[in-house]
Each structure stands twice: as C-alpha cells, then as structure tokens.
Amino acid sequence: MTDPTPAPARGGPVVDTAYGPVRGTDDGAVKQWLGIRYAAAPVGELRWRSPQPPVHRQEIADATGAGPVCPQITDPRLPLDLGGRQGEDSLVLNVWAPSGTEAGDAKPVMVWVHGGAYVLGSGSQPLYDGAVLAADGDVLVVTINYRLGPFGFLDLSEFNGRPGAKGLRFDTNLGLRDVLAALHWVRDNIAGFGGDPQRVTLFGESAGGGIVTTLLASPAAEGLFSAAIAQSSPATSVYDAERSRGVAAQFLERLGVERDDIGRLSAAPVPSILAAAKGVFDAVPSQSPGLLAFAPIVDGDVVPDYPVAAARDGRTHPVPLIIGTNEHEATVFRWMKSPLMPITPGALRSMFAAIVAEQPGLQLPTEAQITSAYAGLRPKAIGLGMARDIGFRMPTLWFAEGHSAVAPVHLYRFDFTTPMLRLLRLGAAHATELPYVWGNLVAGPKDPTFKLGGLKHGRAVSERVRRRWANFATTGQPSGALGEPVWRPYRREDRATLVIDKQDKTVADLDRDLHAAWGSQILNFR
C-alpha cells in the first residue's frame with residue numbers, strides 16, 4: 001500500500017498529542033508543525049457554538065502545511081497573504097521549536113494572537129513565521145487561528161430557546177472562546193514539543209492585543225498563561241449586549257433572515273454571510289465613528305466586565321505584562337481612507353457626542369484641555385493624535401495604570417521608522433512594529449519599507465526587541481543586552497516608558513501631557 005504521507009514529511013519529527021500524533025519538519029534550525037487541529041470543525045450546528053474537542057485519531061496527521069484560515073471579508077486596500085486557503089474548518093495552530101528541542105525540555109512558550117480588526121488575518125501569515133523568533137530566542141512559538149467577523153464576534157444569544165432557532169444554540173464571544181481552547185491545547189500538549197506549560201506568554205497585536213487585554217480580565221483564562229504582551233491593544237473596544245444585538249439585527253437584515261427563522265443560519269452560504277458582514281462592517285463606523293461592528297462583548301460569562309474597568313479595580317490576572325503602542329498609530333488609517341478611526345474634527349465631535357449621550361454622567365475633558373496636549377500641531381495632525389490616543393494610547397495607559405497594582409507592567413512606545421515610511425507620511429504607524437518582533441523584515445521583493453535604506457538599523461532594532469520579548473517569556477523580565485537601557489517597571493511615581501528607536505531609551509512620564517489632557521476617567525462606548 002502506498003504511504004499517503006508527503007515524502008518530505010516521512011522522516012519529520014512526530015509528536016503524540018491528546019488527539020493523535022502529528023508529523024512536522026526539521027530544517028536543522030527549527031522544527032515546525034503546521035495546521036494542527038485544536039478543535040472540531042465549527043460547521044453546521046457548531047457554526048455559532050463554543051469550540052468542541054477534535055476527534056481522536058490513531059494515524060499520524062501530516063502537519064507540514066498550513067491549514068485553512070477563517071473565511072473573512074476582503075479589503076482591496078489591505079491585500080493580505082493569509083498563508084492558507086479560506087475555509088470554516090479553520091481552528092488550527094502552528095508550532096515552532098528550535099532544532100534539538102525534545103519532549104521534557106520545558107522551554108518557554110509564546111502564543112500569538114493575530115490582529116486584523118477582529119475580521120481579518122490568520123496565524124499562518126508569512127509575517128508570523130515563527131522560525132527566527134524561536135531559534136534566536138530559544139523559545140517555542142505557537143500561532144493560532146480563531147473565528148473572525150460574524151463567525152467569531154456576532155452575538156445571536158438572544159435567540160437561544162426561541163422556536164425559530166430550531167434547537168440551535170448561539171454562544172457569545174466565539175473568537176475569544178477559540179483562543180481559550182487553543183490555550184487549553186497548549187497547556188495539555190506543549191510539553192511533548194519541548195515546551196513548558198507553566199511558562200506560557202500570550203502575546204498579540206491590534207485586535208490580537210485586544211484579546212490579550214480582554215483575557216487578562218476573564219476568569220475563564222485563569223492559569224492558562226503566565227505572562228502577557230499587548231501590542232497596540234484597542235482595550236476599550238468592548239461593548240455591551242444591547243449594542244451587539246443592534247449589530248446582529250443589521251446583519252440579519254442584510255442577510256435576509258427573519259428573526260423567526262433564525263435556524264437557517266447554520267446552513268447559510270459562507271459568501272452570503274461575508275457579504276452581509278462587509279456591509280455591516282463598513283456601515284457601523286460610518287454611522288457611529290469610533291465603533292467596530294465586530295468585537296468582544298460583555299456577556300457576563302467569558303467577559304464579565306469591561307477589561308479596562310476590571311484592570312482599574314485590580315481584577316485582572318496577576319501576571320507580568322508588556323504593553324504599548326506605536327508613535328503614529330492613526331496614520332495608516334488615514335492612508336487607507338479607512339472609517340475605522342475617527343480622524344476628522346467632525347468624526348471626533350460625533351464620537352464624543354455619542355459617548356456623552358449614552359453615559360450622561362460622564363465628564364468629558366474640555367476641548368481646551370485636550371488640544372493642550374497637541375499644541376503647535378496642524379489641525380490634521382491634531383486629529384491624527386486624538387484618534388491615536390482615544391483608540392490606542394489612552395486605553396493602554398489606563399490599563400497599565402490599573403494592572404500595575406497587581407503585577408509588574410512594562411510600558412513601551414515604538415518610534416522606529418524608515419526613510420520610506422517617513423516619505424509616505426506614515427512614520428511608526430499601526431502594525432509597523434510587527435516585522436521587528438518576528439524578525440521577518442522584508443516581505444518579498446515588492447516590499448517598499450526599506451527601499452530608501454534603514455535595513456541595518458532595522459535589523460538592530462529587531463534583535464533588541466526580540467531579545468527583550470524572549471527574555472520576558474523566559475524570566476518575566478524584558479531585559480536587554482549589556483549596555484542597553486534598563487527597562488524599569490511602570491510605577492505611578494515615574495511612569496517609566498521604553499522608547500524603541502534607533503537608540504532605545506527609558507523615559508519617565510513620557511505621556512504626562514496626555515494624562516493631563518485626557519485625565520484618568522475611562523472614555524469608551526458601552
């Protein structure tokens with residue numbers, strides 16, 4: 001009988017997991033296993049259900065190629081190489097380990113949650129190839145897929161028990177539940193790959209960073225990770241059930257599904273679901289600047305409260321945290337002409353008016369107080385600064401302030417940019433730190449980032465960032481090499497921040513003007 005296993009995989013490393021053995025590859029620098037199933041296919045009656053365990057099998061599964069990625073809406077302004085075909089059977093993960101790593105070595109583990117506004121991306125994107133980070137940091141790297149957009153963050157729970165549901169159940173926060181399931185898989189299986197289930201660092205960027213800060217406040221995540229890194233987390237973009245029901249109503253209307261026939265959703269065609277999701281995704285931030293259509297919700301279960309409020313009350317998991325943002329977060333949204341961030345004065349005014357309308361007792365900073373933080377800037381630059389700070393920087397500072405009372409926090413700001421990004425008026429924009437974290441600096445011959453130079457400095461920045469991230473995963477301390485600045489923990493007395501640039505530096509109270517302007521009151525939609 002012919003062996004169905006691809007020839008390159010026949011001699012690859014085999015690890016026996018709780019659900020059956022998997023065979024990967026070893027190129028002499030790293031071992032890798034791709035497309036490992038951590039949950040059953042969420043199809044049919046499981047489409048809007050919590051992830052279920054996969055079926056155990058006896059035969060060796062081929063883990064030499066990326067698995068499917070969650071079906072998702074597309075944006076021509078952001079052509080992503082997802083690293084795999086789209087398909088609902090997408091609850092898979094990838095593992096990298098330094099060559100020579102064996103079961104029982106108990107090396108630190110870093111579990112990555114990708115970004116993409118909760119609607120885009122995958123753990124198999126070439127940018128997130130974990131080979132460099134794993135080999136140089138002597139850590140295991142895990143990247144995961146989770147359900148996105150309507151598959152992961154559409155709240156249909158109000159229909160549970162209704163006759164039209166035809167016995168179907170609709171669970172909340174499915175994307176978060178997928179990440180929790182993947183973390184359970186890591187806890188139960190990573191020792192066989194050479195990892196330490198007691199030393200797991202959960203890290204992510206943008207929506208992935210938002211998942212990190214949300215799970216820091218989720219009782220369901222207790223004990224599943226021992227450290228966390230949140231890069232550019234939209235920590236306040238977590239909404240209540242009433243708002244989520246409004247989004248669900250818009251979605252169902254666009255899909256053409258009546259409320260009393262909600263049972264049709266389990267068999268609705270994926271293209272129709274994505275078309276309805278795209279319409280809602282575009283409409284919500286246009287109608288209500290500052291809002292996302294699909295995002296985590298306070299469901300009283302996985303998310304019992306708003307994460308920043310939980311942090312401020314000392315109710316987050318007491319694990320060490322690295323958290324920070326980029327210097328020019330909002331510029332890429334202007335460049336893409338994306339409605340996701342309110343940048344114009346009109347959009348900003350509309351957002352503040354809506355926040356006050358739904359929270360009448362909230363005392364917003366005065367316009368004079370806010371603009372004082374942006375003195376000397378042109379009006380357009382003020383809008384970019386305010387969008388950056390209400391969307392990313394202030395939520396990060398509010399979260400850091402609260403979490404620092406229960407565990408060590410290290411705050412950063414990523415300022416490094418290249419001549420080309422400066423020419424494009426992007427600077428250290430949202431997501432531009434990612435290549436440096438992963439050590440994958442040039443995304444093919446068409447990547448313009450370093451066309452005007454800066455690669456030498458970029459490689460040095462990447463080495464420093466990866467060293468600090470890996471050391472943090474190993475020891476809980478983001479230490480640098482001898483002679484590099486000491487990154488002091490965040491304390492209310494000096495609010496130390498590591499500024500990452502051509503030359504790193506630690507700055508006390510870097511954001512004093514923002515603290516003075518925005519204050520300590522949490523500003524966010526409910």
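**Entry 1**

The model is predicted, so I noted its limits: local features need pLDDT of at least 70, side-chain atom pairs count only at pLDDT 80 or more, and totals for chains, interfaces and linings use all residues. Residues are numbered from 1 along each chain as its sequence is written, and side-chain values use heavy atoms, with hydrogens and water left out.

My strands (E, at least two residues) and helices (H or I, at least four residues) are DSSP runs, numbered from the N terminus. I call two strands paired if DSSP finds at least two bridges between them. β1 and strand β2 (residues 20-23) pair antiparallel over four bridges. A hairpin of two residues joins β1 to β2.

Next I checked the side chains of β1. Val15 and Thr17 point to one face and are buried.

Then I asked in which order the three strands of the open sheet stand. The order is β1-β2-β5, with mixed pairing. β1 (14-17) and β5 (61-62) stand at the edges with a single partner strand each, so one side of each has no neighbour in the sheet. I reminded myself that strands of a sheet pair through backbone hydrogen bonds, either parallel or antiparallel.

**Entry 2**

I moved on to strand β3 (residues 25-26) and strand β4 (residues 30-37). They run antiparallel and are joined by two bridges. Asp26 stands opposite Lys31 in β4. Their hairpin has three residues between the strands, and Gly28 in this hairpin has a positive phi near 95 degrees.

β4 also pairs with strand β6 (residues 92-98), antiparallel, over six bridges. In this pair I found Val30 opposite Pro98 of β6.

I compared helix α9 (residues 345-358) with its expected span. That span is 1.5 Å times one less than the number of residues. α9 has 14 residues and reaches 20 Å from its first C-alpha to its last, close to the 20 Å expected.

Which residues of α9 are buried? I listed Ala347, Leu348, Met351, Phe352 and Ile355. They lie on the same side of α9 because they cover an arc of only 130 degrees around the axis. The arc is that of the directions from the helix axis to the C-beta atoms. Arg349 and Ala357, on the other side of α9, are exposed.

Helix α14 (residues 455-475) has 21 residues, which should span 30 Å, and its end C-alpha atoms are 30 Å apart. Its buried residues include Val461, Arg464, Trp469 and Phe472. After α14 comes Gly476, with a positive phi near 85 degrees.

**Entry 1: empty space**

Rolling a probe the size of a water molecule over the atoms shows where empty space is left. I used a 1 Å grid over the protein atoms alone. A cavity is a set of points where a 1.4 Å probe fits but cannot get out. A pocket is an open set with protein on both sides within 12 Å along at least five of seven lines. Lining residues have an atom within 4 Å of a point. Grid points are joined across faces, edges and corners, and a volume is the space filled by probe spheres set on the points.

The second largest pocket holds about 660 Å³. It is lined by 30 residues, and Glu327, His328, Leu377, Ala381 and Arg388 lie nearest its centre. α11 gives the most to this lining, with seven residues. The lining has 10 nonpolar, seven polar and 13 charged residues. Nonpolar covers Ala, Val, Leu, Ile, Met, Phe, Trp, Tyr, Cys and Pro; charged covers Asp, Glu, Lys and Arg; the others, Gly among them, are polar.

I counted six cavities of 30 Å³ or more. The largest cavity holds about 70 Å³. Phe153, Tyr239 and Leu292 are among its lining residues. Helix α5 (residues 241-255) gives the most to this lining, with three residues. The lining has nine nonpolar, one polar and two charged residues.

**Entry 2: Val319**

I found Val319 in the loop between α7 (307-312) and β11. Val319 counts as buried because its relative accessibility is 10%.

Conventions:
Buried < 20%, exposed > 50% of the residue type's maximum accessible area, 1.4 Å probe, protein only.
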